[in-house]
Amino acid sequence: MARTKTTDRSALDIYLDALRDHLSIESKAIETALSELPVCEQYPGLCRRMEQDLAMGRSHAREITILLSRHGHPAPVPHETVSSILSTVSGLLHGGEARDVLKNVLVASGYRAHQITSLQMLIALARQLGFTQDASALECLKDEEAASAEALESLMPDIVSQYLAAN
């Protein structure tokens, strides 16, 4: 006996949900960068990378919001200001424990891979739907994320050396 779906979702619905999910990923990346910046003072290269990633995350969030709006679906109102204040206070209360730096860099690398994969999926969806402008914009975002991942990877030897010297 065949089952019938009661809530069929169109390819467009799937694409819009994926865009919203990616906006959520970017928002979390922004929050994380804001909370980690005060902690990374001992690691100048990492600090610069995080500042660049924060600017990139904000730019990507704006671009995803534009894509959502283009299809008649405004993005939810961001809560970055409240989240950034809470995250900064939380970071200060935890005292910026240097022992977490290596773990946090590994987590950031994994998170970056997740962002790249999310963008690859969005590009495939946009192409399937014939949204060539969207696919092109998403390709640019993916390339920027990949460049950021490579830059973070190249910092690993310095981060480890600085970490070992501090302990």
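Accessible areas come from the Shrake-Rupley method with a 1.4 Å probe, and for residues only the protein chains shown count as cover. By this method the protein has an accessible surface of about 10000 Å², and carbon and sulfur atoms hold 58% of that surface. The model is predicted, so local features need pLDDT of at least 70 and side-chain atom pairs count only at pLDDT 80 or more, while totals for chains, interfaces and linings use all residues. Residues are numbered from 1 along each chain as its sequence is written, and side-chain values use heavy atoms, with hydrogens and water left out.

The protein has five helices and zero strands. Helices (H or I, at least four residues) and strands (E, at least two) are DSSP runs, numbered from the N terminus. Along the sequence the pattern reads α-α-α-α-α.

Of the 167 residues in the protein, 36% are buried. Buried means under 20% relative accessible area, exposed means over 50%, and partly exposed lies in between (1.4 Å probe, protein chains only). Contact means heavy atoms within 4.5 Å. Among contacts between residues at least 6 apart in sequence, 81% join residues at least 24 apart.

Two packed helices are described by the angle between their axes and the distance between the axes. Helix H1 (residues 11-36) and helix H2 (residues 44-70) have axes that come within 9 Å and cross at roughly 155 degrees. This makes H1 roughly antiparallel to H2. Axes are lines fitted to C-alpha atoms, for helices over the stretch in contact, and angles run from 0 to 180 degrees between N-to-C directions. Angles under 35 degrees count as roughly parallel, over 145 as roughly antiparallel, 65 to 115 as roughly perpendicular and the rest as oblique.

On the H1 side, the residues making the contact include Tyr15, Leu16, Leu19 and Leu23. On the H2 side they include Met50, Leu54, Ala61 and Ile64. The residues of this contact divide into 13 nonpolar, four polar and four charged. Ala, Val, Leu, Ile, Met, Phe, Trp, Tyr, Cys and Pro count as nonpolar, Asp, Glu, Lys and Arg as charged, and the others, Gly among them, as polar.

Leaving aside neighbours within four places in sequence, Ser148 is in contact with Arg49, Asp53, Met56 and Arg112. Lys142 is also found in helix H5, and Lys142 is buried, with a relative accessible area of 17%. Not counting residues up to four places away in sequence, Lys142 touches Ile116, Leu119, Gln120 and Ile123.
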